Amino acid sequence: MRKFAIGNWKMNGNIASLKMLGEVQAAQALSGVSVVICPPYPLLHAATLASNGSGVEIGAQSCHHLANGAHTGDVSSDLLADVGARYVIIGHSERRADHHESNSAVCAQFQSAKTAGLTPILCIGETQAERAAGRTIEVISSQLKASLPPQAQAFILAYEPIWAIGTGLIPSLDEIAQVHAFLAHQLAEICGSDSKISVLYGGSVKASNAAQIFALPHVDGALVGGASLAAKDFCPIVTALGHVQ
Ligand code: PGA
């Protein structure tokens with residue numbers, strides 16, 4: 001399965017932050033894994049120019065489900081592709097919460113991303129209360145089914161427990177392994193056993209815990225928030241992923 005280290009800058013960074021791409025490119029070249037950086041919209045074009053010709057690709061953090069029109073403040077997948085983005089994060093829990101994005105809205109965005117030639121990075125995950133109630137598998141399973149359009153292929157799935165995002169908390173390694181084994185099985189059922197969908201873990205991944213997480217079966221990399229903002233934090237994660245057989 002293809003291995004990905006994906007950095008989600010969220011609402012952080014500025015033009016000067018793009019300087020870190022040089023170090024990330026060097027770490028990517030040595031590691032051989034796929035690296036994607038997802039900066040805020042206004043930095044996308046400069047980021048694609050800065051990474052041009054390197055092994056680091058650029059993604060966006062969301063998209064509108066329509067190709068154009070009167071939607072003030074929104075950005076279409078077509079425009080993302082036009083400025084050189086190749087990936088787009090879809091259905092991040094912060095979008096689902098802050099912008100009330102439902103599974104069906106996420107599904108429509110997924111379709112627009114595919115139509116524009118972008119690779120969707122679909123995020124799913126349970127709340128703390130859902131985990132405590134023993135409902136993790138049920139919740140992520142129904143999110144996955146409701147967020148994917150029919151015949152979905154060639155995307156990336158990110159399992160991100162909502163309570164682990166930005167908190168420094170992570171599930172136990174056993175718990176991560178259990179969810180990833182379930183998702184691998186479910187993706188084979190939905191998309192076919194030869195579909196080769198990479199499944200990433202996200203939520204408080206850091207240099208200090210990355211190697212242990214990457215060693216788990218069915219974990220094909222990470223979606224990284226806070227630790228993707230500085231090269232000194234992100235590059236060791238890229239390197240750790242490169243060490244996984
Ligand atoms: P975090 O964020 O690494 O800061 O926990 C992960 C994410 O939201 O994708």
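Which of the 13 residues around the ligand come nearest? In this predicted model, in which local features need pLDDT of at least 70 and side-chain atom pairs count only at pLDDT 80 or more, totals for chains, interfaces and linings use all residues. Residues are numbered from 1 along each chain as its sequence is written, and side-chain values use heavy atoms, with hydrogens and water left out.

The nearest of the 13 residues around the ligand are Lys10, His92, Glu160, Gly166 and Ser204, a residue being near if one of its heavy atoms lies within 4 Å of the molecule. By class, this shell holds 4 nonpolar, 7 polar and 2 charged residues, where Ala, Val, Leu, Ile, Met, Phe, Trp, Tyr, Cys and Pro count as nonpolar, Asp, Glu, Lys and Arg as charged, and the others, Gly among them, as polar. An N or O atom in the side chain of Lys10 lies 2.7 Å from an oxygen atom of the ligand, and an N or O atom in the side chain of His92 is likewise 2.7 Å from a ligand oxygen atom.

Elsewhere, helix α5 (residues 103-115) packs with helix α7 (residues 136-147) at an angle of about 45°, their axes lying 8 Å apart; axes are lines fitted to C-alpha atoms over the stretch in contact, and angles run from 0 to 180 degrees between N-to-C directions. Helices are DSSP runs (H or I, at least four residues), numbered from the N terminus. The angle makes α5 oblique to α7, because angles under 35 degrees count as roughly parallel, over 145 as roughly antiparallel, 65 to 115 as roughly perpendicular and the rest as oblique.

Note on methods: Polar contact = N/O pair within 3.5 Å; in protein donor to acceptor, adjacent residues only side chain to side chain. Helix = DSSP H or I, 4+ residues; strand = E, 2+ residues; numbered from the N terminus.
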